[in-house]
Amino acid sequence: MKSVIHKILSITMAVLVFLTTTSFMMDAHFCGQSLVDLALFQHAESCGMDHEKPANTCDENITKSDCCSDVQFMNEGQDEAPAAYASLSLDQQLFIVSFIYTYHHLFEGLERNFIPFKDYTPPFLIRDFQKIQETYII
């Protein structure tokens, strides 16, 4: 039981460190109010409704409004995970150490199933006295 809890805690801490130190980019392409494409770690593809520049100089005065937009979300990860134990007060450090110690020893002794009467045989019944005297446990 203890080894399972230790494995779960170590995996949780590894995932937490991985997520806080990883940089990623998410790119979204909207056409009007609707989401057309969403891409992680790369640019989103266009829906094909982007307006090209007109070839003639006569058409430059007539421009249509572009309904498409690109939105980019970036998460800059940390280079180093700082150790924050130096900034904790003595009371906070004592609380953390006592919490970890009590949580570590919380499930101690639950792995073994102790039955105190397993070596004794039940008494031999000659008659069923409850049925004879009609006394039943309800």
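**Contacts, confidence and an aromatic cluster**

Of the contacts in the chain between residues at least 6 apart in sequence, 47% join residues at least 24 apart; contact here means heavy atoms within 4.5 Å.

Let me state the conventions. This is a predicted model, in which local features need pLDDT of at least 70 and side-chain atom pairs count only at pLDDT 80 or more, while totals for chains, interfaces and linings use all residues. Residues are numbered from 1 along each chain as its sequence is written, and side-chain values use heavy atoms, with hydrogens and water left out.

I turn to confidence. The mean pLDDT of the chain, on the predictor's per-residue confidence scale from 0 to 100, is 76, and 78% of the residues score at least 70. Over residues 59-63 the pLDDT falls below 50, and this stretch has two contacts in the model beyond near neighbours in sequence. Where pLDDT is low, the predicted coordinates should not be read in detail.

Next, the architecture. The chain contains three helices and three strands, arranged along the sequence as α-β-β-β-α-α. These are DSSP runs, numbered from the N terminus: helices are H or I of at least four residues, and strands are E of at least two. Among these elements, the lowest mean pLDDT, 80, belongs to helix α1 (residues 2-21), and the highest, 88, to helix α2 (residues 90-104).

As for the surface, the chain exposes about 13200 Å², of which carbon and sulfur atoms supply 61%; the areas come from the Shrake-Rupley method with a 1.4 Å probe, and for residues only the protein chains shown count as cover. Of the 138 residues, 7% are buried, where buried means under 20% relative accessible area, exposed over 50%, and partly exposed in between.

Which residues form the aromatic cluster? They are F95, F99 and Y103. The search of the whole structure finds two aromatic pairs. The ring centres of F95 and F99 lie 6.3 Å apart with planes at 25°, so this pair is stacked. Rings of Phe, Tyr and Trp (its six-membered ring) pair if their centres lie within 6.5 Å; planes under 30 degrees apart count as stacked, over 60 as edge-to-face, and the rest as tilted. Because F95 and F99 are four residues apart in helix α2, about one helical turn separates them. F95 is exposed, at 56% relative accessibility, whereas F99 is partly exposed, at 49%. F99 also stacks with Y103, since their ring centres are 6.3 Å apart and their planes at 20°. Y103 is partly exposed, with a relative accessible area of 35%.

Methods: Buried means under 20% relative accessible area, exposed over 50%, partly exposed in between (1.4 Å probe, protein chains only).
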